[in-house]
Amino acid sequence: MIFSYSLKTAVTGLKTNRSRSLLTILGIVIGIAAIILIMSLGQGAQQLILNQVQGMGSKTIIVIPGREPKGPSDAAQVFSDSLKVRDFELLQKKENVPTLGSIMPLLFTGVSSSYGSETYRPTIFGVSPLIQKIFDLSVSEGEFFSDDDVRARADVVVIGSKVKEQLFGDSPALGEKIKIKDRSFRVIGIMPSKGQVSFFNFDEAVIVPYTTAQQYVLGIKYFHRFVAEASSQDLIAQTVTDIKATLRESHKITDPSKDDFFVQTQEDLAARLGLITQVLTLFLAAVAAISLVVGGIGIMNIMLVSVTERTREIGLRKSIGATDRDILMQFLLEAVLLTGTGGVAGIVIGGTLSIICAFILTNFVGLAWSFQFPFFGAFLGIVVSGVIGLVFGIYPAKQAARKSPMEALRYE
Amino acid sequence: MSLIEVKNVTKIYTNEGVETPALRGVSFGVKKGEFVAIMGPSGSGKSTLLHILGFLDEHTDGEYLFEGKNVKSYKPEEVSKIRNGRMGFIFQAFNLLPRTTVLENVKLPLLYSDVPTEQWDGLAKKALESVGMLHRLEHEPAQLSGGEKQRVAIARALVLEPSVIFADEPTGNLDSKSGKMVIQTIQNLNEQHGHTIILITHETSTAEHAQRIIRVMDGAIESDTKVAQQRRADEGYVK
């Protein structure tokens, strides 16, 4: 039998029972729509997280003291004092890391700060002026401290908008002195509210020169992090290699497995977070896929009823020359057509719901959400719904093909 | 050579271990161009005989030669092919596909044949012309009278120019006027177009339109006689 006519026969068969066909595919429609929605939201969330991470600059490289944690119970804090001033000086030398764009030490701690009777516990960052570039920070009032302030261990601070609000309220803060660990620091700059930037909330931060932080706030000679930038995107790997080599030489380490530091790039972080959201999305999609199995069983059920109902038609077709294979193909095609239509409808509905969700998240929740159409999910949806038609249609179709023409014609 | 040759054919139905004989050794032959009526009361085995002759059922024992070849030697695909091209069926209940036009219904056997698609419409229209139903091409079965439905069914049986047409109580669901028209159509196919026809009926008046009547009783042939004076459908057919 010619395929186009098989198709026509199947379409006619489905049209004859229009409302039943619609109800039958409902399970598939809902299943595919749910998968599309979940995948779209998953991709949107992933994009959102990646954008956050990249708020720090995609060329950023972070050197962390201690061993790289291999599991949750692993003590990452051994050798936590391994990043020394000498290391910082060595890394800055062009002959050691030629592809380095810039490097800045970073210290952080939570210490109570006060102004008059007001106290607040901000995160104190000890950094160099480079932080403005790396985290894209700026001041709305006053100015940032300079490299001279770093060299002089100046008692100056730049405060975030929340700190300003907590300590000063509406009164002016610029030029005032706040107390941290019984030492007075002059406020020279105030940053505008920026919200979360790559896991740091600079609104709640007090930023001081790293030398000042080492000497007067923490009283330590080492650093918590080095934050570096490669001179270009393609040179990240080379830069990481050179940084590692320089630090190993400085720390007299020959066996890389005994490293007392580790290096993270923004790329690593993005990849890791991307993987987490991806796994989560797949898990949710798998849960939604259960509904497809349920939908498939529904299809099989209705197809069996349909085969019984159409016993006479099957008998007639056989008596005028249809082979078992023709009948099998006809009913299988009906099942696949049914689920395929359900799949397409599910993709359209799921896509529409995703657009609505994206609209709500952008306009009412205030996320920088972008609608993502899961093309892979859509492709998968069509394939999966087709396969469901095949799998759950084969049994009823075989039942139909097995009917003897005489029995079939006798059926009342 | 006979088109159909049956030698001592038996059929035993087995249902839950109980054997019910439906045919107990039937022998006869049908020549090409013959118009044979098989008669008998219900339960006599005439329908079973038709099913076996029409490849819809298999006989238990004996020999059935169709066009000189033993039926048992055919493969399932060959059986389908013969049903498709060499045999035409007309049923008491018409068995037209609902919500499908007259033309599409008649084209149905072509779907399962090797005939090229371009010829389908022409063949279907030709078959419909020979039963006088050319004016109803785009109607659906629900819009037709019983007699018209049966004539469409006859056209469907004819469309591939089969060697033999089996008609199973074709007038059973029809009023006398429609029945008369249908039997006239069948008689016309035999006389004008030379089609071989095997007609099953329990009415003598219908059977007498054939050239020969085989009477079946309790699974055996009771008599096999030539009709002395073949009844003309156009001269007062009475149901």
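Predicted model: local features only at pLDDT ≥ 70, side-chain atom pairs only at ≥ 80, totals over all residues.
The contact between the two chains draws 18 residues from chain A and 22 residues from chain B. On the side of chain A that touches chain B, at least two residues each are supplied by helix H1 (3-16), helix H10 (311-319), helix H11 (324-365) and helix H13 (405-410). The largest share of this side comes from H10(A), with 4 residues. By residue class, the side of chain A that touches chain B comprises 9 nonpolar, 5 polar and 4 charged residues.

The largest nonpolar core contains 113 residues, and the most contacts inside it are made by Ile38(B), Val106(B), Ala155(B) and Phe166(B). Helix H2 of chain A (residues 18-53) gives the most to this core, namely 13 residues. A core of 52 residues lies apart from it, and its members include Ile103(A), Ala173(A), Ile190(A) and Val240(A).

Two of the residues named for the largest core, Val106(B) and Ala155(B), also take part in a helix pair of chain B. Helix H3 (residues 102-111) and helix H5 (residues 146-158) of chain B have axes that come within 7 Å and cross at roughly 35°. The crossing of H3(B) and H5(B) is right-handed. From H3(B), the residues Val102(B), Asn105(B), Val106(B), Leu108(B) and Pro109(B) meet Val152(B), Ala155(B) and Arg156(B) of H5(B). The residues of this contact divide into 6 nonpolar, 1 polar and 1 charged. With residues up to four places away in sequence left out, Ala155(B) touches Val106(B) as well as Ala127(B), Leu128(B), Val131(B) and Met133(B).

Chain B also holds an open sheet of 4 strands in the order S2-S1-S4-S5, with antiparallel pairing. Strands S2 (18-30) and S5 (69-70) of chain B stand at the edges; each has a single partner strand, so one side of each is left without a neighbour in the sheet. Strand S1 (residues 4-15) of chain B is joined to S2(B) by 10 bridges, and the two run antiparallel. One of the paired positions is Tyr13(B), whose bridge partner in S2(B) is Thr20(B).

Most residues other than glycine have a negative phi. Glu67(B), although not a glycine, has a positive phi of about 50°. Its place is in the loop between strand S4 (61-66) and S5 of chain B. Glu67(B) has 15 C-beta neighbours inside 10 Å and therefore counts as partly exposed. For Glu169(B), phi is likewise positive, near 45°. Glu169(B) is found in the loop between strand S7 (164-168) and helix H6 (176-193) of chain B. Because 20 other C-beta atoms lie within 10 Å of its own, Glu169(B) is buried; the cut-off for a buried residue is 20 or more.

In chain A, strand S2 (residues 100-110) pairs with two strands considered here. It is joined to S13(A) by 6 bridges, and the two run antiparallel; in this pairing, Ile103(A) has Ala228(A) as its bridge partner. S2(A) also pairs with strand S5 (residues 123-127) of chain A in the antiparallel sense, over 4 bridges, where Gly110(A) stands opposite Thr123(A). Ile103(A) is also among the members of the core of 52 residues.

Strand S13 (residues 225-230) of chain A contains Val227(A). Val227(A) is buried, since 22 other C-beta atoms lie within 10 Å. Leaving aside neighbours within four places in sequence, Val227(A) is in contact with Thr60(A), Ile62(A), Met104(A), Leu106(A) and Ile134(A). The C-alpha atoms of Val227(A) and Asp81(A) are separated by 16 Å, the two residues being 146 residues apart along the chain.

Val217(A) is buried, given 21 other C-beta atoms within 10 Å. Residues touched by Val217(A), not counting those up to four places away in sequence, are Thr109(A), Val111(A), Ile124(A), Gly126(A), Ile180(A), Lys181(A), Val208(A) and Thr212(A). Val217(A) and Phe108(A) are 109 residues apart in sequence, whereas their C-alpha atoms are 9.7 Å apart in space.

Methods:
Residues numbered from 1 in each chain as written. Chains lettered and ligands numbered in written order. Pairing = 2+ DSSP bridges. Buried ≥ 20, exposed ≤ 12 C-beta atoms within 10 Å, placed from the backbone. Core = buried A, V, L, I, M, F, W, Y, C linked by C-beta atoms within 7 Å. Contact = placed C-beta atoms within 7 Å. Nonpolar A, V, L, I, M, F, W, Y, C, P; charged D, E, K, R; others polar. Axes fitted to C-alpha atoms, helices over the stretch in contact; angles between N-to-C directions. Left-handed = near helix turned anticlockwise from the far one by under 90°.
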